[in-house]
Amino acid sequence: METKGKIQFILDNKVDELSLLSAKVETMADLWDFSESLTMNLNLVLEEAISNIVFYAFNNEDEQKIYLTIEYDDDTLTALIMDCGIPFDPTRQAAPDITLPAEERTIGGLGIFLINKLMDHVEYCRKENMNILTLKKRIK
Amino acid sequence: MNITFETKSNCTVIHLTGRIDVTNSNDFETALIPILGDHRYSFLINCAELNYISSSGLRVFLLAQKKVMAARGHLFLCCMQPMIREIFDISGLSTIFDIRESEEEVLQQAD
């Protein structure tokens, strides 16, 4: 498959970085002619995955980096997210019960659930002290 | 994100504009939750200009529904863009909200 576009980001582990990232992703998506819905879903899964890293991956206040690559070819959009935080495999988390009535419903775990539902392929591996999360979505 | 309130007969209409994400969902919560709950009023969140929501925004919608239900009021949502509706559907939230097509539809019923 021929790569049609590729962009890399290095983010600080701060939640404010997500505002900058979403603006950049929107610019990139315009350039790549993505639909509004694909762009929103891409931003959503990036936000859910990266905010998890920012909130939970690091035990100290030190500045840490999160590495993101977004790439697409003829039929697939791929996002690769890497961090050197504590090992965390989002593919092995229990899905929330989305059939409960409102009173009993909680939102815990919904972010990862959305990643799994919105993407066609979610893969995690731990390599050389890094969490590597690969998200793939088929596009037309 | 921008949020405005308007009272129409016995319904408080809440207009949301822009994005609700992890960076501003606390502001959304602080603006929305305190005004909810009085059972004499219905509440309608008009989502026509809401163009992004993540799980942190959905959390506030769920809080809102719980608060209104506890006060025996009624919360409506309307005018969702299809991509926002898809997120509610996937999350299983469409079944616990009263989601309508238009503001008029809700206001007729609330009268």
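**One helix, then the rest**

Start with α3(B), where B:Ile84, B:Ile87 and B:Phe88 are buried. Look down the helix and you'll see that these residues cover an arc of only 100° around the axis, so they sit on the same side of α3(B). What lies over them? The cover on the buried residues of α3(B) includes β3 (42-53) of chain B. Carry on past the end of α3(B) and you run into B:Gly92, which has a positive phi, near 70°.

Before going further, remember that this is a predicted model. It scores ipTM 0.93 and pTM 0.95. For chain B the average pLDDT is 94, and 98% of the residues score at least 70.

Along its principal axes the C-alpha trace spans about 35 × 25 × 25 Å. A compact globule of 111 residues would have a radius of gyration near 13 Å, and chain B agrees because it has 13 Å. Of the 111 residues of chain B, 42% count as buried. Among contacts in this chain between residues at least 6 apart in sequence, 77% join residues at least 24 apart.

Chain A has its own layout. Here there are 3 helices and 5 strands, and the order from the N terminus is β-α-α-β-β-α-β-β. Its radius of gyration is 15 Å, close to the 14 Å that the globule rule gives for 140 residues, so chain A is as compact as a globular protein of that length. The C-alpha atoms fill a box of roughly 45 × 40 × 25 Å, taken along the principal axes. Of the 140 residues of chain A, 30% count as buried. Among contacts in chain A between residues at least 6 apart in sequence, 67% join residues at least 24 apart.

Is A:Leu21 buried or partly exposed? It has 18 C-beta neighbours inside 10 Å, so A:Leu21 counts as partly exposed. Leaving out residues up to four places away in sequence, A:Leu21 touches A:Phe9, A:Leu11 and A:Leu46. The C-alpha atoms of A:Leu21 and A:Asn43 are separated by 8.4 Å, although the two residues are 22 apart along the chain.

Pick A:Val45 and ignore its neighbours within four places in sequence: the residues in contact with it are A:Leu114, A:Ile115, A:Leu118, A:Met119 and A:Leu135.

Finally, the place where the chains touch. The contact takes 23 residues from chain A and 17 residues from chain B. On the chain B side, the elements that give two or more residues are α2 (55-70) and α3 (82-90), with the largest share, 7 residues, coming from α2(B). That side of chain B divides into 8 nonpolar, 6 polar and 3 charged residues.

Technical notes:
Residues numbered from 1 in each chain as written. Chains lettered and ligands numbered in written order. Predicted model: local features only at pLDDT ≥ 70, side-chain atom pairs only at ≥ 80, totals over all residues. Contact = placed C-beta atoms within 7 Å. Helix = DSSP H or I, 4+ residues; strand = E, 2+ residues; numbered from the N terminus. Nonpolar A, V, L, I, M, F, W, Y, C, P; charged D, E, K, R; others polar. pLDDT = per-residue confidence, 0-100. Rg over C-alpha atoms; globule rule 2.2 N^0.38 Å. Buried ≥ 20, exposed ≤ 12 C-beta atoms within 10 Å, placed from the backbone. Arc of directions from axis to C-beta.
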